[in-house]
Amino acid sequence: MVGRSPYERVARMASGNAVVVFSLSGCCMCHVVKRLLLGLGVGPTVYELDQERGGREIQAVLAQLLSSPSSSSPSPSTTTSAAAQLNAAVPAVFVGGKLLGGVEKVMSCHINGSLVPLLKQAGALWL
């Protein structure tokens, strides 16, 4: 990992498996997403950023990715504290190496019926 930018590290980690969840071990929304995926029969690769070396830098990258104009999540307010912006970066769910989004996006895909087809397409589900 020496010599890799945090963006390169996130890209490598996110593309390592069909479903990757960046999480914090004490985050209730992260727990919800992980339980949903497990309940659907998906065994996601989970990175607990509070236990990962360089976890804060990864969170900062995820916060930027989740707040980009191409993402469905609103950008963090400039009045929001840096800690709150970092905590808003999790959970971050990648399916097939592509950013799906946070808890709101995952839940909306589940409710509208598009999550299971995405998981099947990525090879995370076979049924």
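**Entry 1: overall fold**

I started with contacts between residues at least 6 apart in sequence: 66% of them join residues at least 24 apart. I note that this is a predicted model. I then looked up the secondary structure and found six helices and four strands. Read from the N terminus, the elements run α-β-α-β-α-α-β-β-α-α. I also looked up burial. Of the 127 residues, 39% are buried.

**Entry 2: Pro 6**

I went to Pro 6 next. Pro 6 sits in helix H1, which spans residues 6-14. Is Pro 6 buried, exposed or partly exposed? Its relative accessibility is 35%, so I logged Pro 6 as partly exposed. I then asked which residues Pro 6 touches beyond its neighbours within four places in sequence. They are Glu 57 and Val 61. I also checked a distance to Arg 56, which lies 50 residues from Pro 6 along the chain. The C-alpha atoms of Pro 6 and Arg 56 are 9.7 Å apart.

**Entry 3: the two sides of H5**

I moved on to helix H5, residues 103-112. Which of its residues are buried? I found Val 103, Val 106 and Cys 109. These three cover an arc of only 135 degrees around the axis, so they lie on the same side of H5. An α-helix has 3.6 residues a turn, so residues three or four places apart point the same way. On the other side of H5, I found Glu 104, Ile 111 and Asn 112 exposed.

After H5 comes Gly 113. I noted its phi as positive, near 85 degrees.

**Entry 4: H2 against H5**

How do their axes cross? The axes come within 10 Å and cross at roughly 30 degrees. Angles under 35 degrees count as roughly parallel, and H2 and H5 are therefore roughly parallel to each other. I logged the crossing of H2 and H5 as left-handed.

I listed the residues that make the contact. H2 supplies Met 29, Val 32, Val 33 and Leu 36. H5 supplies Val 103, Val 106, Met 107 and His 110. I sorted the contact by class: seven residues are nonpolar, one is polar and none is charged. I note that Val 103 and Val 106 are also on my list of buried H5 residues.

Conventions. Residues are numbered from 1 along each chain as its sequence is written. This is a predicted model: local features need pLDDT of at least 70, side-chain atom pairs count only at pLDDT 80 or more; totals for chains, interfaces and linings use all residues. Side-chain values use heavy atoms; hydrogens and water are left out. Buried means under 20% relative accessible area, exposed over 50%, partly exposed in between (1.4 Å probe, protein chains only). The arc is that of the directions from the helix axis to the C-beta atoms. Axes are lines fitted to C-alpha atoms, for helices over the stretch in contact, and angles run from 0 to 180 degrees between N-to-C directions. Angles under 35 degrees count as roughly parallel, over 145 as roughly antiparallel, 65 to 115 as roughly perpendicular and the rest as oblique. A crossing is left-handed if the near helix is turned anticlockwise from the far one by less than a right angle, and right-handed if clockwise. Contact means heavy atoms within 4.5 Å. Ala, Val, Leu, Ile, Met, Phe, Trp, Tyr, Cys and Pro count as nonpolar, Asp, Glu, Lys and Arg as charged, and the others, Gly among them, as polar.
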